[in-house]
Amino acid sequence: MLKLVNPLLFSYIRPSEIPIRLCSASSKLPVKLEKLENENKGIALLRMDLPEKKNAFSAIMVKTFRKILYDLKFDKEVRVLILKSDVPGVFCSGADLKERLNFSVDDFLNSDTHPKYVTHEVAKLPFPTIAAIEGYALGGGLELALACDIRVATNEAKLGLVEAKLGIIPGAGGTQWLSRAVGLSLAKELIFTGRMITGKDAAEIGLVSHALEKDAFSKGMEIAKEILKTGPIAVRMAKIAIDQGAQMDINSGLTVEQQCYAQVIPTEDRVEALKAFSEKRTPVFKGK
Ligand SMILES: C[C@H](O)CC(=O)SCCNC(=O)CCNC(=O)[C@H](O)C(C)(C)COP(=O)(O)OP(=O)(O)OC[C@H]1O[C@@H](n2cnc3c(N)ncnc32)[C@H](O)[C@@H]1OP(=O)(O)O
């Protein structure tokens with residue numbers, strides 16, 4: 001029998017998002033998705049692991065990322081995603097500068113392995129995303145962190161949109177997301193100079209929310225666990241309201257907020273929270 005497919009799903013898939021087949025299932029993949037279990041169920045980890053290129057966005061890295069992200073955005077089990085590196089001393093070193101040595105102008109502009117296909121998709125994920133930055137986050141690597149909702153770093157981490165030093169500009173979201181995170185003037189100073197700053201300094205200007213002595217990942221987990229206790233639909237709706245509202249004038253933003261508010265009011269979770277309050281217990285949310 002013909003299986004009917006929701007037409008809305010088609011409108012959500014653009015050609016650039018068509019799933020990519022990875023060459024070899026047995027080869028070691030540079031990004032892995034891990035879904036945590038038991039009391040941490042709902043938390044997923046995206047672990048970058050391409051040590052020989054310091055987690056640069058090589059073609060295989062981007063293809064693997066895109067495949068995982070394609071599946072992830074429809075995954076109803078995932079409540080929070082943490083992006084981290086398994087390579088000591090680096091979060092992500094940005095575009096693959098070696099592969100680019102032989103790129104034509106057309107390759108630069110039209111390659112389907114451009115880092116923007118990762119960062120733009122991360123920014124569109126429907127659940128909260130947290131970047132745990134330890135070591136270098138440079139160029140596209142910082143853009144990846146900027147695509148996330150929340151960033152935490154170690155004091156010693158090194159963050160920079162260094163593209164101008166390479167004769168280019170950030171091309172995976174950096175000019176837009178950095179200025180929204182720290183303001184136009186500071187973003188311009190950082191991008192025009194290509195300066196690297198420490199995680200500690202990044203916390204002072206609001207580029208990351210927390211800077212830790214060590215172990216940014218633990219801080220990311222702490223935040224993720226806090227999010228797990230809240231209403232799943234509420235969090236997704238809050239993300240839409242904040243992200244869409246940020247691109248609008250205040251009255252349009254307030255209208256979007258009302259539309260999202262209207263989505264949470266009819267939910268079972270809303271009723272459960274009120275019941276739990278009067279019964280002096282913790283609510284058990286079902287995401288319904
Ligand atoms: C779309 C975006 O907007 C555009 C961009 O992202 S532009 C790219 C911006 N990124 C950069 O400029 C970072 C380049 N890398 C570096 O500066 C340094 O490698 C680093 C600070 C990350 C680490 O330094 P260090 O610890 O001394 O390691 P280093 O010896 O340089 O690197 C180890 C290996 O990783 C490779 N590597 C590091 N970053 C790489 C990158 N971005 N692309 C390809 N290979 C890279 C090095 O070439 C080296 O390989 P080798 O052993 O075969 O020579």
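Averaged over the chain, pLDDT comes to 92, and 91% of the residues reach 70 or more. Keep in mind that this is a predicted model. Its overall scores are an ipTM of 0.99 and a pTM of 0.92.

One stretch calls for some care: across residues 1-19, pLDDT stays under 50. The model has 17 contacts beyond four places in sequence for that stretch.

## Around the ligand

Now for the ligand. There are 24 residues around it, and the ones that come nearest are Ser 93, Ala 95, Gly 140, Glu 143 and Glu 163.

With Ser 93, a backbone N or O atom sits 2.8 Å from a nitrogen atom of the ligand. With Glu 163, the side chain has an N or O atom 2.6 Å from an oxygen atom of the ligand. Gly 171 comes in through its backbone, where an N or O atom is 3.0 Å from a ligand oxygen atom.

## The second largest pocket

Next, look at the second largest pocket, with a volume of about 530 Å³. It is lined by 27 residues, and the closest to its centre are Gly 94, Ala 95, Asp 96, Leu 97 and Arg 100. Two elements give two or more residues to this lining: α3 (105-110) and α5 (140-146).

What kinds of residues make up the lining of the second largest pocket? They divide into 13 nonpolar, eight charged and six polar.

Notes
Residues numbered from 1 in each chain as written. Predicted model: local features only at pLDDT ≥ 70, side-chain atom pairs only at ≥ 80, totals over all residues. Heavy atoms only, no water. pLDDT = per-residue confidence, 0-100. Contact = heavy atoms within 4.5 Å. 1 Å grid on protein atoms, 1.4 Å probe; cavity = no way out; pocket = protein on both sides within 12 Å on 5 of 7 lines; lining within 4 Å. Points joined across faces, edges and corners; volume = space filled by probe spheres on them. Helix = DSSP H or I, 4+ residues; strand = E, 2+ residues; numbered from the N terminus. Nonpolar A, V, L, I, M, F, W, Y, C, P; charged D, E, K, R; others polar. Near = heavy atom within 4 Å. Polar contact = N/O pair within 3.5 Å; in protein donor to acceptor, adjacent residues only side chain to side chain.
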